[in-house]
Amino acid sequence: MTNTENNAKWWKNAVVYQIYPRSFQDSNGDGIGDLRGIIRRMDYLGKLGIDAIWLSPVCKSPQEDNGYDISDYQDIDPMFGNVDDMEALIAEAKKYNIRIIMDLVLNHTSDKHRWFEEAKKSKDNPYHDYYVWRDGREGVLPNDMKGVFGGSAWEWVPELNQYYFHQFLPQQPDLNWENPQVRKEIYDMILWWMDKGVGGFRLDVIDQIAKEPDQGITNNGPRLHEFIRELSRETFQKGDLITVGEAWGATPEIAKLYSNPDGSEFSMVFQFEHIGLDQQEGKEKWDLAPLPFIKLKKILTRWQTELHGCGWNSLFWNNHDLPRIVSRWGNDGEYRVESAKMLAILLHGMQGTPYIYQGEELGMTNVQYDIEDYRDVEILNMYKERTEAGYAREDVMRSIHAKGRDNARTPMQWDDTENAGFTEGTPWIKVNSNYQEINAKSQVNDPDSIFNCYKKLIQLRKEYDIFVEGDFTLLLEEDENIFAYQRKNDKQTMLVICNFFDQTIKMPLEEKCSDMKMLIGNYDKIEDASILRPYEARIYVK
């Protein structure tokens, strides 16, 4: 049995908790969350029962793009602390059997990175070829490629008479992965963090490292899997890690390569096919549309069935870029508790590794701020563009309230004291006004809370192999209210039944469940097994 096969099991049983450090817990009163703040809250995370923490970027950065513009891979941004604090966090987490997953950005660096500052000095500088350059004349672009954030993907450097390539901001020059020295520097850095005890890595926009700008290729370039296999061989396979690649362009076929059970690439990928469903076809995320429920069922089923036995899924509703799921596809009013639990039960019953985003386990909701209270550059740019283009202000604000990234970034709601217990200073972004009703303190010891529903789901995953191993069959495919599926292995059968909406409906699978044991439900007790109440969810096993 190889090392990879022997150790693969832990991350299949694991549940990962994502922390957005800026908004989790402030320890020094400056209004910004930090590493010492996370250490302070480790007992809470231990109670929840998670196995790993994925930290959004904490490396040194000018913060032009929320830390996804790294100026030093081997240092911590002073906003969050220092390397000693990171080592203390790794050590404290270990006491709770929790591993720390770092967010690594390997496609590009900050333009303030030492490599790029050297690269700009001359074409003969040994660091010049660490980046992607093309000769040219000012104003005559190498080609018409556009950056993700708008404008050209080429930036002119007059002292060199060259353009450099950047898929994101001009302050984020792309690394040249064709250069073996670049790859070696990256591997040495990863091994350095592994030596410090890091338990895994989330790889930002990793499907863009094998770019071929002259051909207009950014995603899924010809050498992508060659590069990833080398990266894995030189680093990840030397430890017992969880690795997850962010791959917006992934199909199930491509995901089978990324998450091959032989461990040659990653443990799994994040794919986002279900995330774009509630927007108008061919439009932007701001162009709202109702969720096509049947399509959601089909997409999630395809990923479940096509990766079974030959790949691995990551399971998530939320992250730092997405609105709060209870406000998005649940009901954050009358049925907030029931719908938050239903969405949890639906996701955690599937095959894959679940990711909980901070506050999701409390049923934290979207916010409805005035425009001056938002901090996210994407929101502010969109507001300006759309109001100038003649969109009605109330429509623009409705889109921001529904889909803005700051929905996920408001401070964690710890208790009902001022600023929700997040900071003794002035928070960098306003706290959601509902923190007095929705907070951790009120839920941890309440057996019927959303927190304790998540805690129980995490425990069930460790007790029942079927969560990890069972195959997946969608039931009631065309039912417009119910998301139900069966998981089956050679020992057990599990049924997951979820009423996705706010109507009481007939329970069509009553007979199928009659001789099964109920593992978890989101209502206190079942008074009438023949109906499903609003957002009712149950898991049965036999």
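This is a predicted model: local features need pLDDT of at least 70, side-chain atom pairs count only at pLDDT 80 or more; totals for chains, interfaces and linings use all residues.
Setting aside residues up to four places away in sequence, D204 touches Y68, D103, L104, V105, H108 and E246. Show the side chains of D204 and R202 together: they make a polar contact at 3.0 Å. Is D204 buried or exposed? Its relative accessibility is 8%, and because buried means under 20%, D204 counts as buried.

To see how the two strands line up, pick F201 and look across to β10, where T243 stands opposite.

Now bring in the rest of the sheet. Eight strands form an open sheet with parallel pairing. Stepping across, the order is β11, β10, β9, β5, β2, β1, β13 and β12. Which strands are at the edges? Select 268–270 for β11 and 314–315 for β12; each of these pairs on one side only.

From the sheet, move to helix α5 by selecting residues 83–95. Helix α5 lies across β2 (52–55) and β5 (99–105). Compare the directions of the helix and β5: α5 runs at about 140° to that strand.

The next stop is the nonpolar core. The largest one holds 143 residues. Which of its residues touch the most other members? Select M86, L106 and F201 to see them. F201 was already on screen as the residue opposite T243.

Stay with L106 and display what surrounds it. Leaving aside neighbours within four places in sequence, L106 is in contact with Y73, L175, W177, I186, M189, I190, L203, I206, I209 and L231. Then hide this group and select A52, I275, F316 and V468, which are among the members of a second, separate core of 18 residues.

Finish with the cysteines. How many disulfides does a search of the whole structure find? The search finds zero. C498 counts as buried, at 0% relative accessibility. Last, select C59, which also counts as buried, with a relative accessibility of 1%.

How values were computed. Residues are numbered from 1 along each chain as its sequence is written. Side-chain values use heavy atoms; hydrogens and water are left out. A nonpolar core is a set of buried Ala, Val, Leu, Ile, Met, Phe, Trp, Tyr and Cys residues joined through side-chain atoms within 4.5 Å. Buried means under 20% relative accessible area, exposed over 50%, partly exposed in between (1.4 Å probe, protein chains only). Contact means heavy atoms within 4.5 Å. A polar contact is a pair of N or O atoms within 3.5 Å; within protein, one must be able to donate a hydrogen and the other to accept it, and residues adjacent in sequence count only if both atoms are side-chain atoms. A disulfide is a pair of cysteine sulfur atoms within 2.5 Å. Two strands pair if DSSP finds at least two bridges between them. Helices (H or I, at least four residues) and strands (E, at least two) are DSSP runs, numbered from the N terminus. Axes are lines fitted to C-alpha atoms, for helices over the stretch in contact, and angles run from 0 to 180 degrees between N-to-C directions.
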